[in-house]
Amino acid sequence: MIKNTRQKKILETMVTKSDITKRQEQLLEELNKCEDELSGQELHRQLITKGKSMGLTTVYRNLQILIKHGLIRSRHLPTGEVLYTPVDRDIHHLTCVQCGETSKMEGCPVKNIHAPKENPRKFQLLFHTLEYFGLCQNCYQAQN
């Protein structure tokens, strides 16, 4: 069951209830329960632990559908791993391009920037992403 009010609003504008399958709802529930991002493999393990059997390929296929519906977003790490989170979480990261370490940023630097009030293309903004890439302190010091 989808409990988050922002997700309900997005669902109403993006897709009808019948467009979301039981498996997709299970994935949304697991992502909503977690405070952080989860990989497809972590989601798969959590579902198995809770007795909600779902194949790994099915997990990834349904995550892609949820992304297309605008209900979750993905973040690609330099290691190739992909992490997923609900779109209503305004989380941004600093990512080291050398070692792959990521850390959450405090606050959102673009939160107060609003889309233009006059929108000639009838574009409804659902969420944004922001990620900075650079060198962490350890990698920077190792280079100098």
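Here is a short tour of a predicted model, stop by stop. Local features are taken at pLDDT of at least 70 and side-chain atom pairs only at pLDDT 80 or more, while totals for chains, interfaces and linings use all residues. Residues are numbered from 1 along each chain as its sequence is written, and side-chain values use heavy atoms, leaving out hydrogens and water.

**Stop 1: H2 and H4.** Select residues 22-33, helix H2, together with residues 56-68, helix H4. Helices are DSSP runs of H or I with at least four residues, and strands are runs of E with at least two, both numbered from the N terminus. The two helices pack at about 85°, with axes 10 Å apart. Axes are lines fitted to C-alpha atoms, for helices over the stretch in contact, and angles run from 0 to 180 degrees between N-to-C directions. H2 is therefore roughly perpendicular to H4, a label for angles of 65 to 115 degrees.

Now show the side chains in contact (heavy atoms within 4.5 Å). From H2, pick Arg23, Gln24, Leu27, Leu28 and Leu31; they meet Thr58, Val59, Asn62, Leu63, Ile65 and Leu66 of H4.

**Stop 2: H2 and H3.** Gln26, Leu27, Glu30 and Leu31 of H2 form the contact with Leu43, Gln46 and Leu47 of H3.

Stop 3: The term requires a side-chain nitrogen of Lys or Arg within 4 Å of a carboxyl oxygen of Asp or Glu. The two residues are three apart in H2, which means about one helical turn separates them. By this rule the count is five salt bridges.

Stop 4: Finally, find Val97 in the loop between strand S4 (93-96) and strand S5 (102-104).

Technical notes:
Parallel < 35°, antiparallel > 145°, perpendicular 65-115°, else oblique.
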